[in-house]
Amino acid sequence: MNRHLPHTTALALLGALACNPAPGPTGDDGTPSVALLTSGPVSDAGWHAGAYEGLQLIGNLLGFRISHQQTRTPAEFDEAFISYAEAGYGLIFGHGFEYQDAASRAAKQYPDVTFVISSGSRPSANVVPLIFHLNEATYLAGMAAAAVSQSGVLGMVGGVEIPSAKGTFVAFEAGVRAVNPDATVLETFIGNWDDVSAAKEAAAAQLRQGADVLIHNVDAASFGFFQAVREVREGGREAWAFGMNRNQNDVAPDVIVGSAVIDIPAMFLRTARAWEAGTLSDEVLYSGIAAGAVDFVPNPAQDGVIPDDVLAAIDRARDEIVAGALVVPRIEFVEGL
Amino acid sequence: MTDLAALSSFVVAAVGLAVPLGLAALGETVSQRSGVINIGLEGSVIWGALGGALGALAVGPYWGLATGVLAGGLAALVFAGFAVRLGTDQIITGTAVTIGSLGFTGAVFQSRFGATGLALELQTVPAWEVPLLSRIPLLGPAFFDQAVTAYLAYAMVPLLGWFLFRTRWGLALRAAGESPEAAHAAGVPVVRTRMLAAVFGGAMAGLAGAHLSLVHTGTFAENMSAGKGFIAIAVVVLGRWRPWGVFAAALFFGGAEALQFTLQALDADLPYPLFLALPYVLSLAALAGWFGRSRAPEGLALPWPR
């Protein structure tokens, strides 16, 4: 048994390497180094893809050294933060609510490293939550969805019921009711972010329940979600989908009416610039429609699906949100407020 | 929506979700009966999904099913090469194969289609409606209006039952799993038998993966196996290592998953993780012997020669 141990070890190492590329060499020449952790694949054309594009932007426009790791489990979060901090990375993005605890732990150990946590919940001296008010965009999407729906039944398919995801649904529902107070809004969580077939079945179940306009908040699983809508349309029934997190209008242009978009790349770039200039405060970074970070973007390929008067109402609501006259429902999860 | 229509849509979803689990679990049953527990099954599923997608893009959806089988079988061959031929620890080797496969398939996908992804639109394998049988109320449309992968899964149940319990080869395979020493003494080539059984299991898991990408969703995403390989191992336990039991257990797991979607869509105010956990609780109960005698093959996970 023991003589075979090297084989097993080699294979285990190979497996570990395949999913965790080691951080690159550090900036002995003084080049600022920025790292990104995502808990899912960046090929999701959504939440993680946006972060990866932001990292690329930082590398291309600012000339920083960049590195990305996909980490699955909380134990890997800690390990990755520490290995990047040890390797001299000065700014580390943890792209998701799930990174908060590991970042708080690593931040105490490495006070000179700045940790920026997307949808984070606990700011401290060197931990900066970056909160996107995506709910403002999903509210506008809800208004559009209510106008597009013939049946008055709408559906939402989510990954895991974390506050940042739940908040986008609460606002979507409020947007729907602003246009159609009698609408029925269904909600399903599939328990993870990547299970394409589960997302498809969850969407299919809502469609069978009479829903004809759906929005998602999953990652790579959205490909199955769009497929469910597509199949219903091929069956001769009108149905539409909304994209989320990133401009997904070109991901499934045949079924998407519009997307609730976060400009994650621009926000990452802005954050990295502030960090380099030393002006990154130790307070929560909020960004919504007013900051130009978030918006609802209709799909140009489906021009005319959203009626003009509703588009005008959406524009008015957007102005009211910017002016502060309309406060969109949200779920607060930043502690100490 | 009427109650009957709701029930019927639930049964359709349950069978749809059960088919990939059943395919992978039936393969794993043969593997475990020969004494090999392949935790790397998840790796075979994701390779099957990607291999199927690439094959379908290159030649067509039916060929995609074949390339999926091949890709899943190859992943299991890597596993079996280490775990059976070299006698490395089956659990550790299988885990390494799974983790490595999830990483490598992602790397291949990203290098082929770009890092930030695109929703592949794959031509799917069409469903074949079986005349008459598909008219059976409630069950007909669910079981007999499916793609070829589902019919393969149904056919495998009696076929594997016959093979495992009515043929000499099946007896030799089970002997390799129960007592490799005795099997060896009786002239059974234990290592070769176990290699073949493990590769067959991987090929079936590859077919399950190809079903996910080419029948069920018509697309590929990284990690889309989403633990189905692991669930299939639980299905084998719940099905007590018998093809009929395993098939029934796969239907049960598919039903549990479909139930939670249906109930959530019906606005039932119940915490959704409860439904996700139910099948695993029952698997534990099955392991504990609450559903009658239940015993894993005696030589399961033990290397041969020692």
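Author: Start with one residue, Val235(B), in this predicted model.

Now step back to the core. The largest nonpolar core has 208 residues. Within this core, Val235(B) and Ala221(A) touch the most other members. Domain 1 and domain 2 of chain A each supply at least three residues to this core.

Next, the two domains. In the domain assignment, domain 1 of chain A covers 30–133 + 265–287, and domain 2 covers 135–261 + 294–323. Their C-alpha centres lie 29 Å apart. Where these domains of chain A touch, domain 1 gives 15 residues and domain 2 gives 16 residues. On the domain 1 side, helix H2 (residues 47–62) of chain A gives the most, with four residues. By class, that side has six nonpolar, eight polar and one charged residues.

Last, the two chains. Chain A and chain B each put 47 residues into their contact. On the chain B side, the elements that give two or more residues are helices H1 (3–33), H4 (90–113), H9 (190–216), H11 (243–265) and H12 (272–287) of chain B. H4(B) gives the most, with 11 residues. Sorted by class, the chain B side has 26 nonpolar, 18 polar and three charged residues.

Terms used
Residues numbered from 1 in each chain as written. Chains lettered and ligands numbered in written order. Predicted model: local features only at pLDDT ≥ 70, side-chain atom pairs only at ≥ 80, totals over all residues. Core = buried A, V, L, I, M, F, W, Y, C linked by C-beta atoms within 7 Å. Buried ≥ 20, exposed ≤ 12 C-beta atoms within 10 Å, placed from the backbone. Domains from an automatic or database assignment. Contact = placed C-beta atoms within 7 Å. Nonpolar A, V, L, I, M, F, W, Y, C, P; charged D, E, K, R; others polar. Lists of a residue's contacts leave out its neighbours within four places in sequence.
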